[in-house]
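Biologist: I have a structure open and would like to learn how to read it. Please take me through helices, sheets and chain contacts in turn.

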Amino acid sequence: MQFSGPSISMHRLSRHYATVRAVDSVSLEIAAGSLVALVGLSGSGKSTLLKMVNRLVEPTSGTIRIGGEPVESIDPHVLRRRIGYVFQNIGLFPHMTIARNIAIGLELAGEKDRREGRVAELLDLVELPQEMAARMPDQLSGGQQQRVGVARALATRPGLMLMDEPFGALDPVTRDNLTEQYKALHQRLGLTTIIVTHDMAEALYLADRVLVMEAGRIRADATPAELVSGNVGAEAEALVAIPRAQAAHLIALGKKS
Amino acid sequence: MNPAWQQALARVPELLAAHVQLSFSALLLAMLICLPLAIWAARSPKVAAVALAVASLIQTIPGLALLALFYPLLLGLSALIGGGISAFGFLPALLALTLYALLPILRNAVTGLTGVDPAASEAADGLGMTAWQKLQYVEAPLAAPTIMAGIRTAAVWTIGAATLSTTVGQPSLGDLIFAGLQTQNWTLVLAGCLFSAALAIAVDLLLGLIERGIRERRRIMAIAGTALIAAGLLIATLPLMIARDNVVVIGAKSFSEQYILARLIGSRLEDAGYRVRYRDGLGSAVVYQALTAGDIDVYVDYSGTLWTNQMQRSDSQPKAAMLDTIAQWTRTSHGVTMLGALGFENAYAFAVRPEDARDKSLRTLDDLARVSSDFNFGTDVEFLERPEWQMVRAAYPIRFKNARAFNPTFMYPALKSGEVDVISAFSSDGRIAANNFVVLEDRKGAVPSYEAIMLLAPDRGSDDQLVAALNPLVGAITVELMREANYMVDRRDDKKTPRQAARWLNDKLKE
């Protein structure tokens with residue numbers, strides 16, 4: 001399998017808001033093709049860190065390189081067109097059909113040919129029926145809308161996907177479904193993905209590397225297996241304890257019956 | 001159809017055309033100002049705060065005052081750059097109405113643009129849209145229904161407020177309303193109101209159709225609405241596009257005598273083969289400037305008015321000498337020809353009820369001064385600010401209990417009913433004699449004389465044919481004839497239109 005996704009390198013990256021250090025001197029290497037989960041409580045700085053990668057947030061200091069190229073040397077809109085971005089509130093354009101929503105990146109890039117074919121391909125990819133193409137966003141369920149969000153992000157064939165709580169607002173069944181399907185997609189397309197979530201269970205299931213953030217710093221950096229086995233720090237342990245306790249409770253319930 | 005309606009409807013097409021042209025221009029100009037400003041304001045809260053504060057401030061100025069303000073403003077500006085700007089007619093009306101239309105358009109556009117769903121905005125950024133693309137693909141389409149709603153509000157306001165542009169000499173449906181109000185011709189008032197209301201409703205419905213088309217993303221609906229508006233605009237303004245050369249424009253201030261004299265002059269000119277147009281309801285201050293600028297060609301003014309207002313004189317001269325001085329002054333200062341005095345005077349005259357005159361033995365202004373502290377004074381809206389009032393007060397120790405301003409139409413009934421005890425009437429007004437009111441003598445000659453005089457615009461003075469057509473009117477109209485003609489229009493029963501009264505007067509002159 002060829003990885004088309006780039007590697008990412010952050011060096012002493014900080015973002016300060018007045019007196020708050022949302023991200024505090026983070027240095028990090030992310031290998032091409034990896035699926036990294038950023039986990040932490042609200043306000044831990046995980047979204048800010050993610051948004052600095054596509055310059056939706058500008059760093060106070062430090063550098064980010066994507067595939068060796070420093071992001072500040074690229075115009076923000078050019079940079080963002082190379083990166084897929086999916087977020088919790090989806091943000092489909094309510095005045096455009098699903099097909100146009102999906103193809104908007106191609107429209108911006110001035111690609112006129114084969115847009116319809118690409119839309120059909122992407123609908124298949126996110127497992128939506130073709131007749132959705134002509135519908136308007138408000139005619140779709142939340143889960144369907146986020147599938148469109150993923151398809152829209154993938155339309156321009158980016159190597160890097162940034163996902164900010166992408167499935168956070170969906171019901172558990174839809175969410176589980178989408179998580180699983182996205183994991184397959186990530187592998188099939190050879191993407192590099194950074195996904196922000198506050199749900200440790202999701203991170204453990206989805207990612208091949210989990211970063212735990214607290215107060216703007218990375219407190220733990222481990223594989224899911226290492227996290228579950230413990231000894232990776234108190235912050236990580238507190239987050240892992242929740243799904244672990246839930247799992248234990250479920251198992252205990254199963255034994256009783 | 002009765003003749004009153006026929007007469008009113010005959011004037012509608014031209015006035016409607018002018019009304020549509022003015023309102024549409026103002027609305028378009030306001031949009032051109034507001035939409036870019038709103039885009040800027042949506043990105044900068046400071047700009048939004050300042051722009052909306054200014055627009056709101058403008059909105060608190062009454063429409064009539066805003067129009068009036070532009071007159072001296074443009075006059076000053078014109079003087080500053082050495083002339084060339086007309087302070088009269090279309091321009092001041094356009095500017096005032098444009099300012100008036102700013103607030104609803106600006107406020108809705110800013111609300112619409114800043115109210116775009118933050119998720120859609122974040123998605124636009126995340127997809128790599130430039131600021132311009134974001135505006136084009138996301139912000140403008142999402143804000144469009146709100147912006148359209150603002151334009152709708154502005155359109156209705158503008159069409160309504162455009163009726164006020166009559167006062168600065170811009171023809172509009174307001175001409176019917178103002179003329180009707182002055183002559184108590186309710187048919188005219190009603191026609192003016194009905195047509196401006198119908199215009200506002202029609203435009204509102206069509207803009208509503210476009211708004212709905214945008215909101216529900218039904219392109220056909222938006223296109224149909226736009227096409228209908230464009231068609232309406234074209235049809236409505238058609239009468240203005242028909243070439244009109246050598247039309248003589250006759251000005252009139254806002255009272256019956258002026259309307260009648262304008263029609264009398266008009267009929268004489270039509271007999272001489274001219275085409276004529278009327279600009280009614282002009283303010284005293286505006287009308288002379290309009291003549292010097294050539295915006296109107298002929299009108300009747302009063303010697304005392306020019307003496308105090310235009311010439312800024314506060315001394316007194318005998319009648320004949322005064323007329324000579326005025327004729328010389330208008331010619332040398334503005335090239336305006338004074339064709340001559342019509343033969344009657346319309347001076348400010350203090351009038352009281354006959355029973356008061358008898359019981360309190362009131363004959364002169366000195367007698368009035370004696371009882372003034374018990375008297376309520378009724379006057380027209382401008383008299384208390386006029387120099388004549390200062391002259392009277394300087395000559396006689398008059399101190400009234402209180403003073404109330406009326407539209408001239410309501411001043412006479414107010415005296416009759418006892419609401420007020422003395423009024424500043426006009427000596428040629430037919431309602432003085434009709435009510436047996438007693439005019440108090442000005443024995444000290446404090447008030448200058450108010451001979452009716454006919455004035456011609458600079459480039460009309462040399463038009464021999466026109467001068468020949470109007471010359472017979474000089475010295476021909478006695479105060480009795482004028483009073484009778486005025487009363488025909490002003491009285492409550494068996495009311496005549498100014499045109500009918502002018503025809504009657506014309507027939508009398510030919511006898």
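Modeller: Start with how helices and strands are named. Helices (H or I, at least four residues) and strands (E, at least two) are DSSP runs, numbered from the N terminus. Axes are lines fitted to C-alpha atoms, for helices over the stretch in contact, and angles run from 0 to 180 degrees between N-to-C directions. This is a predicted model: local features need pLDDT of at least 70, side-chain atom pairs count only at pLDDT 80 or more, and totals for chains, interfaces and linings use all residues. Residues are numbered from 1 along each chain as its sequence is written, while chains are lettered from A and ligands numbered from 1 in the order in which they are written.

Biologist: At what angle do the axes of helix H3 and helix H4 of chain A cross?

Modeller: In general, two packed helices are described by the angle between their axes and the distance between the axes. Here H3(A) covers residues 98-108 and H4(A) covers residues 115-125. Their axes come within 10 Å and cross at roughly 115 degrees. The crossing is right-handed. For handedness, a crossing is left-handed if the near helix is turned anticlockwise from the far one by less than a right angle, and right-handed if clockwise.

Biologist: Which residues make the contact between H3(A) and H4(A)?

Modeller: Two residues are in contact if their C-beta atoms, placed from the backbone, lie within 7 Å. H3(A) brings Ala99(A), Ile102(A), Ala103(A) and Leu106(A). H4(A) brings Arg115(A), Arg118(A), Val119(A) and Leu122(A). By class, that contact has six nonpolar, no polar and two charged residues. The classes are these: Ala, Val, Leu, Ile, Met, Phe, Trp, Tyr, Cys and Pro count as nonpolar, Asp, Glu, Lys and Arg as charged, and the others, Gly among them, as polar.

Biologist: Now chain B. How do H1(B) and H6(B) pack?

Modeller: H1(B) spans residues 3-43 and H6(B) residues 131-161. They pack at an angle of about 145 degrees, with axes 11 Å apart. H1(B) passes H6(B) in a right-handed crossing. Among the H1(B) residues in the contact are Ala26(B), Leu27(B) and Met31(B). On H6(B), the contact includes Leu135(B), Ile151(B) and Ile159(B). The contact divides into 10 nonpolar, two polar and no charged residues.

Biologist: And how do the axes of H1(B) and H4(B) cross?

Modeller: H4(B) covers residues 90-114. The axes of H1(B) and H4(B) come within 6 Å and cross at roughly 40 degrees. That crossing is right-handed. The contact holds 25 nonpolar, four polar and no charged residues.

Biologist: On to sheets. In what order do the four strands of the open sheet in chain A lie?

Modeller: Strands of a sheet pair through backbone hydrogen bonds, either parallel or antiparallel. Two strands pair if DSSP finds at least two bridges between them. In chain A the order is S2-S1-S4-S5, and the pairing is antiparallel. S2 (20-30) and S5 (69-70) are the edge strands, each pairing on one side only. Seven bridges join S1(A) to S2(A). His16(A) stands opposite Arg21(A). Two residues lie between the strands of this hairpin, and Ala18(A) takes a positive phi near 50 degrees. S1(A), residues 8-17, pairs with S4(A) over five bridges. There, Ser9(A) stands opposite Arg65(A). Two bridges join S4(A), residues 61-66, to S5(A). Arg65(A) stands opposite Pro70(A) in S5(A).

Biologist: In what sense do S1(B) and S2(B) pair, parallel or antiparallel?

Modeller: Parallel, over six bridges, with S1(B) at residues 247-253 and S2(B) at 275-282. Gly251(B) stands opposite Arg279(B). The chain crosses between the strands through helix H10 (residues 256-271) of chain B, and this β-α-β crossover is right-handed. A crossover is right-handed if, with the strands pointing away from the viewer, the path from the first strand over the helix to the second runs clockwise.

Biologist: Last, the two chains. How many residues of chain A are in contact with chain B?

Modeller: 16 residues of chain A are in contact with 15 residues of chain B. Helix H2 (76-81), strand S6 (83-87) and H3 of chain A each give two or more residues to that side of chain A. H2(A) gives the most, with four residues. By class, the side has eight nonpolar, six polar and two charged residues.
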